[in-house]
Amino acid sequence: MAYAPAEPPRVPAALPRPRTPVASLLVLVVIAATGVSFYGTEFDLIELFAGAGPIERFASGMFPPDLSAATLRSTGRGIFETFQMSLLGAVLGIVAAFPLALIATGEAATTRAALRTRVLQAIPYHAARLGLNVFRSVPEILWALVFVVALGLGPFPGTVALAIHSTGVFGKLFSEQLESVPARPVEALRAIGATRTQRLLFGRLPQAGGGFVSLGMYQWECNIRAATILGFVGAGGIGQQILISMQLFDYQKVATLALATIITVLAVDRVSAAARRRLSY
Amino acid sequence: MAKPASATAGAPAGVGSTAESAERSDAARGGLEAAAGQAVALEGVDVAFDGFKALNDLSLEVGRGERVAIIGASGAGKSTLFNVLTRALPVAAGRVLVEGADLMAAAPEQLRAMRRRIGVIYQSYGLVPQLSAGMNVALGELTGLSNRAALRALVRGPGAETSARVVAALEQVGLAERLGDRVTELSGGQQQRVAVARLLVQQPALVLADEPVAAVDPVTGKRVLHALLELADERTTLLVSLHDVALARRFPRVVALRDGSVVFDGPPEGIDDAMLEAVYDEAGSAPFEPDLEPGAQPAATSRCDPLGIALNPPRHQHGLRPR
């Protein structure tokens with residue numbers, strides 16, 4: 001009687017694959033949802049290429065960029081204002097987010113506290129989380145619309161909008177950073193009787209501190225990009241100048257303003273990346 | 001199985017009013033009265049993870065001032081035992097008394113007071129890497145402060161008295177010059193000595209050292225154990241889990257765990273090949289037992305020295321004294 005040779009065991013591939021029927025089903029659902037989204041958004045590549053003519057006319061109208069002294073001066077003012085809005089928005093966001101993040105940081109309990117204690121601990125935690133989610137889930141431009149109505153045109157409502165959105169983002173990122181630090185030093189402090197506050201101050205905060213600065217730099221980058229958009233609803237910055245130039249069909253000035261924005265964003269990106277590299281250890 | 005009477009030395013150390021009252025109430029309940037004089041008493045303790053019993057009906061008493069080596073294969077329950085003794089893990093059944101007080105029944109404030117009397121040292125040091133060696137050592141004392149005082153210490157650094165104790169403790173472990181260095185700049189052995197210095201400042205009544213020499217070279221390991229022994233005195237209880245049976249043999253009492261239960265509890269003379277086989281063989285891991293020097297004998301005194309160094313090394317001015 002002949003036996004088929006047994007299949008030798010094989011090392012599985014490095015690329016992860018669905019291992020369970022549920023995982024396979026989820027992959028199918030994502031593929032189907034993508035197809036439905038093509039249909040729902042009327043996505044049409046032919047139409048996109050058919051619109052290339054007007055785009056080309058717009059792009060060719062931008063050249064050569066307007067490099068007159070007056071344009072360069074107003075571009076510089078716009079960039080400086082955008083820079084100030086983004087920086088102040090980030091700093092105010094950090095200041096407001098920090099205490100909220102401390103409250104919103106959870107810690108797995110090793111002991112089962114009384115119901116009243118658990119409720120008293122849960123209320124500020126969930127309230128802080130809810131507040132941060134509201135701040136974060138409303139985009140900057142919506143906050144800017146609200147504050148332009150309330151405070152009028154200019155960089156002030158834009159800065160407030162950036163600060164509020166940054167508070168939500170920082171609060172969530174800081175609290176997650178605090179929760180995800182290596183647990184052993186925190187456990188060691190708990191084992192020798194440290195209170196929750198002491199564990200937070202001496203165990204979690206020092207370990208998360210480097211990450212905070214890195215996240216701060218990243219959100220500042222995001223604020224620079226967001227601040228250019230806020231001008232489109234009258235909330236100051238270089239976006240406001242771009243909008244006015246677009247409405248006046250002054251595409252050469254638009255080109256100068258757009259180039260200045262791109263250079264600023266790239267510069268901030270480089271500085272931020274270098275700073276974050278130095279902070280990583 | 002040999003099971004010696006646990007050594008009790010001296011009157012109960014001052015546990016602080018909360019722990020003392022807990023001790024009194026425990027005695028009034030009439031449960032485990034005999035254990036009230038013990039540093040540690042576990043009675044029928046079960047700890048289970050998803051149906052797997054990490055500790056299985058474990059009972060153990062350790063007297064004040066005893067030095068006990070805990071041995072056993074990986075997964076035998078050594079780390080779980082230590083986690084139970086700091087209430088980092090809940091128990092499914094049984095009682096755990098630390099200095100006579102029921103650890104598992106303690107209210108949060110009492111629990112913190114009890115934990116401040118317990119010093120821990122891990123294989124992975126348990127230090128905060130971003131803080132200086134000095135601040136890590138100071139944490140041994142700062143956990144006893146109010147939150148406001150702790151915040152002040154975070155911003156301004158510890159007070160003059162704490163700083164002096166920190167410097168003295170670092171001097172004692174030979175690291176005074178590394179006071180301001182981040183612990184990440186120190187070698188593994190130096191980090192472990194910083195952890196020992198933290199114990200010196202904390203002055204606990206019970207020291208739990210979980211594989212303290214597993215991550216360092218043998219010479220550094222000896223130095224770390226030396227420092228641990230130096231800080232322990234007749235009022236400080238020392239429980240050390242070890243993979244190195246040769247080192248464990250030098251302790252006056254050895255407890256061997258297997259499958260979450262005590263399979264040996266006695267003086268090191270009782271450790272023979274059959275016992276080691278019972279502890280390690282079926283678990284699939286052989287004990288680490290380097291050849292002893294010719295003629296070397298396990299010490300049999302109650303204050304023996306695992307490292308072949310002086311049994312009662314000179315006490316330093318800032319040596320460990322339970323508060």
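This is a predicted model: local features need pLDDT of at least 70, side-chain atom pairs count only at pLDDT 80 or more; totals for chains, interfaces and linings use all residues.

Mentor: Chain B has 10 helices and 10 strands. The part to look at is an open sheet of four strands in chain B, in the order 2-1-4-5. Its pairing is antiparallel. Start at the edges. Strand 2 and strand 5 (101-102) of chain B each have a single partner strand, so one side of each is left without a neighbour in the sheet.

Now take the pairs. Strand 1 (residues 38-49) of chain B runs antiparallel to strand 2 (residues 52-63) of chain B, and eight bridges join them. One of the bridges puts Gln38(B) with Gly63(B) in strand 2. These two strands of chain B form a hairpin with two residues between them. Look at Asp50(B) there: its phi is positive, near 50 degrees.

Strand 1 of chain B also pairs with strand 4 (residues 93-98) of chain B. This pairing is antiparallel too, over five bridges. Find Leu42(B), and opposite it in strand 4 of chain B stands Val96(B). As a general point, side chains in a regular strand alternate between the two faces of the sheet.

Step back to the whole chain. Chain B has 323 residues, and 50% of them count as buried. Take its contacts between residues at least 6 apart in sequence: 74% join residues at least 24 apart.

Next, the contact with chain A. Chain B gives 30 residues and chain A gives 21. On the chain B side, two or more residues come from each of helix 3 (108-116), strand 6 (118-122), helix 4 (133-142) and helix 5 (147-156). Helix 3 of chain B has the largest share, six residues. By type, the chain B side divides into 17 nonpolar, nine polar and four charged residues.

Last, the cores. The largest nonpolar core has 137 residues. Val196(B), Ala197(B) and Leu228(B) touch the most other members. Yet the largest share of this core, 12 residues, comes from helix 9 (residues 196-230) of chain A. Another core lies apart from it, with eight residues, including Ile79(A) and Tyr251(A). Return to Ala197(B) to see its neighbours. Leaving out residues up to four places away in sequence, Ala197(B) touches Val137(B), Ala169(B), Leu170(B), Gln172(B), Val173(B) and Leu175(B).

Definitions and conventions. Residues are numbered from 1 along each chain as its sequence is written. Chains are lettered from A and ligands numbered from 1 in the order in which they are written. A nonpolar core is a set of buried Ala, Val, Leu, Ile, Met, Phe, Trp, Tyr and Cys residues joined through C-beta atoms within 7 Å. A residue is buried if 20 or more other C-beta atoms lie within 10 Å of its own, exposed if 12 or fewer, and partly exposed in between; C-beta atoms are placed from the backbone. Two residues are in contact if their C-beta atoms, placed from the backbone, lie within 7 Å. Two strands pair if DSSP finds at least two bridges between them. Ala, Val, Leu, Ile, Met, Phe, Trp, Tyr, Cys and Pro count as nonpolar, Asp, Glu, Lys and Arg as charged, and the others, Gly among them, as polar.
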